[in-house]
Amino acid sequence: MRAMRLTSQRPVEQAPLKLAELPVPAPAAGQVLLRVLACGVCHTDLHTVEGDIFPLRLPITPGHQVVGIVEAVGEGGAGGG
Ligand SMILES: [Zn+2]
């Protein structure tokens with residue numbers, strides 16, 4: 001799968017996001033695998049890319065506002081409750 005990856009934080013003018021080809025992940029228990037159709041970019045993403053917010057690890061694929069199709073469901077189904 002294609003993803004825009006952040007490996008080091010710096011101003012967006014320096015193009016910190018790089019296109020990468022990654023293996024398609026398998027959903028763990030309680031998770032779903034989405035085929036992302038669209039992804040919004042909010043100011044939290046911009047703060048993360050530029051270093052105002054520190055992610056728990058790097059590299060990451062910024063973007064958390066997605067619309068997609070469920071491709072697979074992890075063991076036990078999605079979510080709890
Ligand atoms: Zn957001």
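Visitor: Is His64 buried, partly exposed or exposed?
Guide: Keep in mind that this is a predicted model. The relative accessibility of His64 is 47%. Buried means under 20% and exposed means over 50%, so at 47% His64 counts as partly exposed.

Visitor: Which protein atoms are the donors of the zinc ion?
Guide: Two residues provide them, at 2.1 to 2.2 Å from the zinc ion. The donors are Cys42 (SG) and His64 (NE2).

Visitor: How many residues apart in sequence are the parts that this pair ties together?
Guide: Cys42 sits in the loop between strand E3 (32-40) and helix H1 (43-50). His64 sits in the loop between H1 and strand E4 (65-73). The pair therefore ties together parts whose separation in sequence is 22 residues.

Visitor: Which residues does Gly63 touch, leaving out those up to four places away in sequence?
Guide: Gly63 belongs to the loop between H1 and E4. With a relative accessible area of 28%, Gly63 is partly exposed. Its contacts beyond those sequence neighbours are Cys39, Gly40 and Asp45.

Visitor: Which element gives the most to the lining of the largest pocket?
Guide: This pocket has a volume of about 1,200 Å³. The elements giving two or more residues to its lining are strand E1 (2-6), strand E2 (17-21), E3, H1 and E4. The biggest contribution, nine residues, comes from E3.

Visitor: How many nonpolar residues are in the lining of the largest pocket?
Guide: The lining is made of 36 residues, and Met1, Arg2, Ala3, Val36 and Thr61 lie nearest the centre of the pocket. By class, four are polar and six charged, while the number of nonpolar residues is 26.

Key. Residues are numbered from 1 along each chain as its sequence is written. This is a predicted model: local features need pLDDT of at least 70, side-chain atom pairs count only at pLDDT 80 or more; totals for chains, interfaces and linings use all residues. Side-chain values use heavy atoms; hydrogens and water are left out. Donors are N, O and S atoms within 2.8 Å of the metal (3.2 Å for Na, K and Ca); water is not among the atoms, so sites may look incomplete. Helices (H or I, at least four residues) and strands (E, at least two) are DSSP runs, numbered from the N terminus. Buried means under 20% relative accessible area, exposed over 50%, partly exposed in between (1.4 Å probe, protein chains only). Contact means heavy atoms within 4.5 Å. On a 1 Å grid over the protein atoms alone, a cavity is a set of points where a 1.4 Å probe fits but cannot get out, and a pocket is an open set with protein on both sides within 12 Å along at least five of seven lines; lining residues have an atom within 4 Å of a point. Grid points are joined across faces, edges and corners, and a volume is the space filled by probe spheres set on the points. Ala, Val, Leu, Ile, Met, Phe, Trp, Tyr, Cys and Pro count as nonpolar, Asp, Glu, Lys and Arg as charged, and the others, Gly among them, as polar.
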